[in-house]
Amino acid sequence: MPDYGHELLLGSFITPSADDPARAVGLAELTEAVQLDVASFQDHPYNPDYLDTYTLLTWVAARTERIRVSANVTNLTLRPPTMLSRTAASLDILSQGRFELGLGAGAFPHAVHSMGGSRLTPGQAVGALDEAIDILRGVWEVSEPGPLRFEGEHYSVPAMKRGPRPAHDIGIWVGSYKPRMLSLTGRKADGWLPTLEYLQSPGMAEAIKIIDEAALEAGRRPGDIRRLLNLLDVDFSATSRGHFHGPPQQWVEELLPLVLDHGFSAFLIGGDNPRRIRTFGEEVGPALREAVARERAIGTPAVAQRSAVVLARRHVSLDYDSIPPSLTEKVVEPGDAAYEGVRHTYIRTGSPALVVQAANADDVVTALAYARSQGVEVSVRSGGHGISGRSTNDGGIVIDLSKMNSVEVIDRAARRVRIEPGARWGSVARALAPHGLAISSGDYGDVGVGGLATAGGLGYLARRYGLTIDHITAAEIVVADGRQLRVDADHHSDLFWAIRGAGGNFGIVTAFELQAQEIAEVVSATIVVDATDTAGFLLEWGQLVEAAPREVTSFLSLLPARRGGPVTGQITLVYASGDVEGAQDALSPFLNIAPVLDQQAHLAPYHVIVAPQGNQHRGQGLEDTHSGLLEHITPQAAATIEEMVKSGDVLIMQFRSMGGAVHDVPKDAMAWSHRTQHFSVIAATAPAYASRLDVHWERLRPLLNGMYLSFETSTDPARLLDAFPEPVLARLRALKAAWDPDGVFNRNFNLAAEAPAAMTQAEPVA
C-alpha cells in the first residue's frame, strides 16, 4: 500500500453550529489564514442545532480566496442527486473551482425517516450511492448530446437538461466503511474519506485492499483514488498521551507512515479549536510537508499496479516496464478508465500508446527522455483545442501539460505574470481580473495557453494590444536534448525569437512570463445581419474595421444560407475599454452595413467574454480548415469569398481583424512577421466536402499574403513559406537544425520538412 504521490491537503473538520455561526465561519477563515488547504463541515440537515451546510459553504467560499470547501460528508438521502448536481456545480463556479464533494449514503436513519427520507438497507445504500454518482457526473457532462435520462432502482430521471458544468472536475470523496461501499469507492469515486475513529471492521489495511482490488477490476489504478482521513480526537499538548496526542513533532512522526505506507494524502482535524487549527497549520503542516518531500526525494516510488484489462490493451510499440518510476502514477494507458478523456483532442481523434500527465518541468524532461528512448512519435498538448496542432497521435506518446496550469502575478506594479502552458485562457482571464489585469489572447476560454502563446494569439484585444506573443518577456523551455532553459532577450535570444511564432518546433515551453495590460471592463457587441449581398457587405465591414479606433477589434463569421434563409453574418465587436460613450460612437456605424436580424451589447469584465465553455475532447471538430491573411478586403477578394460561401461547399468562413497594435511591432522582432495585413481569414468544412473546399481555396490563395498556422490543417510543406516568409524561414530552419537536429518536435508544421524546389511566395493582389 504505497505512497501515490498526491499533493498533501491539510485542513479542518468544523461543526456548523447554529448557536454561534460566526465561530464556524471564523474557523474556516482561520483555516485559510494558517495556510491549510481545506475547510470541511458536517452535513446533518435534520439537526435543528446546525446551520444548513450548503448555505454555509457558499458563505464561507465568498469569505475566503484560496481554500477548498466541502461537506464532510453530504447526506445523500436528504439531498437528491439531481438537485445536488446543480448545487455542487453552482458552488464550484461561484468559488472558482474550490468545491469538492464529500458524499455519503446518510447517517441516522431514524432521523432521515422522520424528515421524509427513505430508510435504506446497507445494500440499498450502496446501490443508491452508485446511481447517484452516475447522475451527478451525467448532469455535469454538458458535452453529451440531449438531456440526461436515467432509470435505476433508486432514482429515475426521465429527461433533465445537463449543466451547468463545474469550474473544475469536482472530486467525489466517499465516506465509506463496509466492504460493499468500499468496493464502490474503488470503482467510481475520486477519494475515500473515512474518519479514523470509526475505522473498525474491516480495519484500515483491509479497507484499502478492498478499494485497490475494486479499482483494478474496474480498469483503474489504485492511485486514482485519493485517501483522505478525518482526525477527530486530537490534542497538541506536550503533556498529552496517545495516538495523535502530543507535540507537533510527534504528529509528524505518526502521520508520515500514513502517507508513505498507506497512501493517505489528506488529513482534516476536528475539535473546533482555534489553537489546534493554528498549530496544525503553522507547525505540523510545514514540518509534515518537508518530511514527505524529503522521503519522496530519496525513496523509490512504488510500481503502479495494472489490471489484466489494462495489460491486454497495451501497444506493442512501447516498453511499459521501463516507464520511469517518477511517472508511474502520472501516466494513462489505453486500458485505464481515464483513457477516453485524454486520448483525443477537441478536433482530432487519437489512440496514443501512452499519455503522460506532467505535473512540472522535471516530469516533462523525464517524459521526453522516455519517449525518445522508445523511438515513437511525440505529441505535446496544452489545451488540446488547436485546429492545426496535432496534439494526439496513434501509437505514440502524448505529453499532456494540462495539470501544469498555474497563473501567478509576479509583480503587479510591472504587470508581470507567470503562466504555465496547461492553463486555459478563460481561467487566466478570471485569475487576473481581481488584479485589474488582462492579456490579449484568443476568443475562446477553453483554448490552452501553450499552443496559442507559441503560435500567435489573435484575439478580441488585438487591435488595441497586439498579439499574445507580443507581450511575452521570457519563457522556460525543455529542448530536445532535455535541457531546461530560460530564454529571453538576453539569454538564448535566437531561441526566444523563434518560439514566438514557431514554438512548437523547438521544445516544450513549461512557463511563460508576460506583461499584462491594465484592463477591467470592455464593451462587447454582437450583430447578426442578412449578408445576402455578401461581397458588398464584406467590403463595407472591412473598411469600417480599418477606419475604426484601435480600441475596436472585430470578428466576423459568414454562414451559408440554410432552409431558405439568407446568408448570415455574425459580427462580434469588442471595444477594449469601459468607456460606454466612446464605444457607442465607434460601434454604431456597424449597424448600417446590412439588414440587422439581431443585436445585443453589454458592458462586462473581460474575463466574462472569454469564459471557459467546458468542451470535451472527443475529436468532434472540423478537420479540414484553410487559413490565410489579407492585406485588405478588396473587391476581387470579396467576390471570391461570396462565391465560396454560396457554393454550398463551405460550412463557415471567419475573419479576424488585425492592424492597430499588431502593426506596431517590427516584422523581424520574432518569428511571426506578418505586420502589414489587416485580416485573417479561415474557411472550414466537413470531411465530405474537403476536396471541394481545396478547389475554392486555390482560387483565393493568389489574393492572400501569409498564413496563421494555428488555423491551417494542410501539412503540405509548401505552406511553410506562407507562414514564414523569407528570410524568416531560412533563419528558422537553421535554428531547427541547431536545437532539434533529430526532428523530435515535428508535429506542427515541421520546419525540417522538404518543400518543393519551385516553391515561391504568393504575391498579394492590391
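Reader: How many salt bridges does a search of the whole structure find?

Author: The search finds 42 salt bridges. The term means a side-chain nitrogen of Lys or Arg within 4 Å of a carboxyl oxygen of Asp or Glu. This is a predicted model, where local features need pLDDT of at least 70, side-chain atom pairs count only at pLDDT 80 or more, and totals for chains, interfaces and linings use all residues. Residues are numbered from 1 along each chain as its sequence is written, and side-chain values use heavy atoms, leaving out hydrogens and water.

Reader: What makes Asp742 and Arg372 a salt bridge?

Author: Their closest N and O atoms are 2.6 Å apart. The cut-off is within 4 Å, so the pair qualifies.

Reader: Why is this pair said to tie together separate parts?

Author: Asp742 lies in the segment after α22 (728–739), and Arg372 in helix α11 (residues 361–374), so the bridge ties together parts 370 residues apart in sequence. Helices (H or I, at least four residues) and strands (E, at least two) are DSSP runs, numbered from the N terminus.

Reader: Why is Asp742 called exposed?

Author: Exposed means over 50% relative accessible area, buried means under 20%, and partly exposed lies in between (1.4 Å probe, protein chains only). Asp742 has 59%, so it counts as exposed. Arg372 has 34%, so Arg372 is partly exposed.

Reader: What makes Asp443 and Arg656 a salt bridge, and are they buried or exposed?

Author: The N to O distance is 3.0 Å. Both residues are buried. Asp443 lies in the loop between β17 (437–438) and α13 (449–455), and Arg656 in strand β27 (residues 652–657), so the pair ties together parts 213 residues apart in sequence.

Reader: How do you know that Asp494 and Arg731 link distant parts of the chain?

Author: Asp494 forms a salt bridge with Arg731, with the closest N and O atoms 3.0 Å apart. Asp494 sits in helix α15 (residues 493–502) and Arg731 in helix α22, 237 residues apart. Asp494 has 37% relative accessibility and counts as partly exposed. Arg731, at 33%, is partly exposed.

Reader: Which residues are linked in a network of salt bridges?

Author: The network links Glu698, Arg701, Asp716, Arg719 and Asp722.

Reader: What makes the phi of Gln96 worth a mention?

Author: Most residues other than glycine have a negative phi. Gln96 is not a glycine, yet its phi is positive, about 60°. Gln96 is found in the loop between α3 (81–94) and β4 (99–104).

Reader: Which peptide bond involving Pro727 is cis?

Author: The bond joining Glu726 and Pro727 is cis, with omega about 10°. Pro727 lies in the loop between α21 (720–723) and α22.
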